[in-house]
Amino acid sequence: MSERVAVKKTYKLYIGGKFPRSESGYTMPVVSGSGEHLAHVAQASRKDARDAIVAARGAHAGWAGATAYNRGQVLYRIAEMLEGRREQFVEEIRQGESVSARVANQQVDHAIDAWVWYAGWSDKHAQVVGGANPVAGPFFNLSVPEPSGVVVAFAPQEQKGQSLLGLVQTIAPIIVTGNAVVVLSHPSQPLPAMSFAEVLHTSDVPGGVVNILTGERASIAPWVASHSDVNALDLMGAGELDWASLEEAAAETLKRVYTPVKGVPAVSLERISAFTEVKTIWHTKALG
Amino acid sequence: MVSASQALAPASRASSVLGTDLSEQSLRRYLNGLPRVDVIGANARAGHFQTRSLKTETKRQGLDLAIRMVDLTTLEGADTPGKVRSLVSHAIHTDPLDHSAPSVAAVCVYGDMVGHAVEALGDKHVSKDPSGISVAAVATAFPSGRASMKVKLLDTEDAVAAGADEIDMVIDRGAFLSGRLGEVFDQIVRVKEACKRPDGSYAHLKVILETGELATLDNVRVASQLAILAGADFIKTSTGKVQPAATLPVSVVMLEAVRDWYLATGEFVGYKPAGGIRAAKDALRYLVAVAEIAGEQWLDPHLFRFGASSLLNDLVMQRQKMTTGHYSGPDYVSVD
Amino acid sequence: MSFLDYSPAPESTSILKLQKQYGLFIDGKFQGSRGKSFATISPATEKTITKVVEATSADVDKAVKAARVAYDKVWSRMPGSERAKYLFRIARIIQERSRELAVAETLDNGKPIKETRDFDIPTAAAWFFYYAGWADKLEFATGGATPQSHGVIGQVIPWNFPLMMLAWKVAPALAAGNTVVLKPAETTPLTALLFAEICQEADLPSGVVNIITGAGKTGQALVEHRGIDKVAFTGSTRVGRQIAKSLAGRSTALTLELGGKGANIVFDDAPIDEAIEGIVSGIFFNQGHVCCAGSRLLVQENVHDEVLSKLTRRIETLRLGDPLDKNTDIGAINSKRQLDTITEIANSGEVEGASRWSSSCDIPSKGFWFPPTVFTGVQASHRIAQEEIFGPVLSVLTFRTPAEAIEKANNTPYGLSAGVWTEKASRMLSVVDKLQAGVVWANTFNKFDPTSPFGGYQESGYGREGGVAGLLAYLKTPIRTGGRK
């Protein structure tokens, strides 16, 4: 009996809750650590990025307007889906990073636990970061953090161990407070990114809240960095690019910029707060 | 003394409530003195009605009531005499499988279709059979209301002359939102006058507030009160051409307005939610709201109507299910 | 037939798979006891639902020991991220079994199925979700101090929101790294026992949660047990006082959530119809069996008649009857004893000179019922203005000015909740500032959320449940929230 022929997957982009091909029609081949051809992924163009930003903007108001409890529930469901698909991720990490199954499993463990850590912040962030301010006058004064809006993020792969964990560290802290995000996955690790897109698609996250683009990103980077309808630029994983120019382009519209980080970052509250704005409200108080 | 130019058109209801000094200022003062609506609280009250579970006898009763209170509507640019005849037939024979099913309260059409509707109804028209079906006409440059008063009055008079029993007018939302409450009031009074027939009787006037454009529940309350003061027989939510149309929170506020009017004066004003009510389930929730806020007397075609088109078939299908015990389908009800 | 005579819309109890006799849930399994077996009944029909046992001192001892071992060997050593995942599991299972839990709660407590389905059970699940997310990030709540759990917590909860009160106690305790021994009220043990099953389904390590049924004696044995590090009690001020006295001089931490006589203040510029809803919710939600009930209506004198007229009209649309009927608004009084208490205090109202009005709703022949009742002409010195009735009885007083409203509202040794109704925001914010109450509801009432701290001033207890404050109550850090040591 000859070995059964497998049905190989076609990889597309994830934009607005759908899986379109790149409008350019270009693809990028993906090889394993040992040189074996794995797949072609879509090569995102600047127009795809533009469309993803439009989708993110369209989804932002609804996502930010959901209750924190609701967002927490959605993020927790994503963790459930991640856990359910762990074999798929383990396999992709093993092949893509050329590591053992044990090491791949460890990364998946950390990634899911990190995602759960961030999910639990949804209904707590405002309590820890915001609060009443005892101003010197007859005023009610309250500070609340609000999401910045649309964030474009560069997923990291400075070193091994990041293909899934890096995605989690990129996406979770951004969306937990209500931001929408366009993720430019790392060119060397697109498959876990697209598996992640499948996870998102089967959880309850509204289309457009997370958009994932694959392919080489150096040429579309300046376009997103300078895009006027982007509120923040997450360069945490953009270390291999000319990120200083991107930061300069972002300065044109005074985007909030998160600069590159070396190595695998730990979970941090600071990364959540980095993509929020604090609003402070005053109101008079008088008995008469 | 108020000069003639400042005085508003007389309306007996308003005079008795405000006093003889019926002017833009006194009207505005009175309306702005109405209690405000807390939106979250009103939404919660509306939500309460959605938890009511109507079963067996109550459901049967509710479905029949709902059918009897439908204003079966067609208001399209493409309406023709043929379409109106088809609508009328559906209005009379609501269930093709059960000719004992109740008929609707009225058909609702554009003014130039009134004659065709009356003719198609024949002996089933209220003019021949008091328990029959009425013809309601939209008027006053429906749906926008953006035309001169002369045009809007003529629109009304034409429909009345053609035989309309009821007129569904629209208020001037532009005037309302820019604060010219007296103007809105005047227009309603004059349209009511235009409903007068040669024999001295009046066509019933429904006043459409177009709540979707009023934006706040406070405005809905003010507009409701204003319309009642000006002589509305019914206050109606929407034209159905603007989203959002009828909603439960809006209905809560409008039902509170008709209830409070009744408690203060003993007079009844009807209520008609229109647009956006497609499912029988939703219609039944409106009946609960009506009964629990205003009172059971309002569960009558004289005081309550559903402005709807596709709702009728869902009511009929639910009624069929109660009789046959299984779910029905669109092939077992008739198209308009 | 009148449309408003809604046909019966009963929720079926066939979803329940109950045992005929429950034991105690200790160390991860149901165990027998030498204690006396007693029945828990449905207060709507007086029929027995199932039987439970009254845990003896020996049982209490066994449970505390099991909790201690679980704490020392497993739970306190477990990373927060792992504890979190257990709590998420429990939250999820509560959601999955929510219909069953709602039916069980309604049957055992007597409250309407509409409430258990739409409020009690979802809130219990939400409490677990919220605190699950704290377990792996405790250091962010302590402002820098190293978080440390207490150890074994003894928890005693009341009968008015059985599963929800259990969630309020167990979720933060476990998130903070403690283990618990919990005693549900003697008239409402059912959902606590089903919760024990849920702990098994979630594979929660044995001994982390222990559920022991019983009455006053069991509760006393638990709170006085030398092997526990902290007591958390929700119940009457009378019992809370006793507990505080018995723990005096000891190092056991203590939080108390006790009674109240909440004031609902309605100003003349209130959104009237919504205020009526708030008044109705305030005193008739859960048949008035709520510590934070708005049991005193303080209405501005110039709108008194209008408010009362609308209020009584609205009350007449409330449906009292079978709690399992989905259209029921007012359920049964939880026990004969509680019914007698309500009746006695309500009667004093007339004796002392107030005017009594009750809804004309039909009262079923079996079971324990009290119609929604309103007393007008109440004075601050009347018993019905001072004592917690814990039933569907509203006492109406008037005021003329904001300052007078505040004075009357604060004129009580209790301090749990208050409601304020006005459309003038500056006055609203100033009034809420001055009210001596742990929870103030502005243009709303009876709102609860796991992120929002709940608890009282003065004789309504000390400590908060919900939010960061509720978490800190279960940690030993320099930051305290009014609890002891």
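Two exercises with worked solutions follow.

The model is predicted: local features need pLDDT of at least 70, side-chain atom pairs count only at pLDDT 80 or more, and totals for chains, interfaces and linings use all residues. Residues are numbered from 1 along each chain as its sequence is written, while chains are lettered from A and ligands numbered from 1 in the order in which they are written.

**Exercise 1.** Describe how helix α9 of chain C crosses helix α10 of chain C.

Solution. The axes of α9(C) (residues 272-284) and α10(C) (residues 304-315) come within 10 Å and cross at roughly 55°. Because angles under 35 degrees count as roughly parallel, over 145 as roughly antiparallel, 65 to 115 as roughly perpendicular and the rest as oblique, α9(C) is oblique to α10(C). Next, the residues in contact (C-beta atoms, placed from the backbone, within 7 Å) are Ile272(C), Ile276(C), Ile279(C) and Val280(C) from α9(C), which meet Val307(C), Lys310(C), Leu311(C), Arg314(C) and Ile315(C) from α10(C). By class, this contact has seven nonpolar, no polar and two charged residues; Val, Leu and Ile are among those that count as nonpolar, and Lys and Arg are among the charged.

**Exercise 2.** Compare the radius of gyration of chain A with that of a compact globule, and state the extent of burial.

Solution. The globule rule is 2.2 Å times the number of residues to the power 0.38, over C-alpha atoms. Along its principal axes, the C-alpha trace of chain A spans about 90 × 35 × 30 Å. Finally, buried residues (20 or more other C-beta atoms within 10 Å of their own C-beta, placed from the backbone) make up 48% of the 288 residues in chain A.

Methods: Axes fitted to C-alpha atoms, helices over the stretch in contact; angles between N-to-C directions. Helix = DSSP H or I, 4+ residues; strand = E, 2+ residues; numbered from the N terminus. Contact = placed C-beta atoms within 7 Å. Buried ≥ 20, exposed ≤ 12 C-beta atoms within 10 Å, placed from the backbone.
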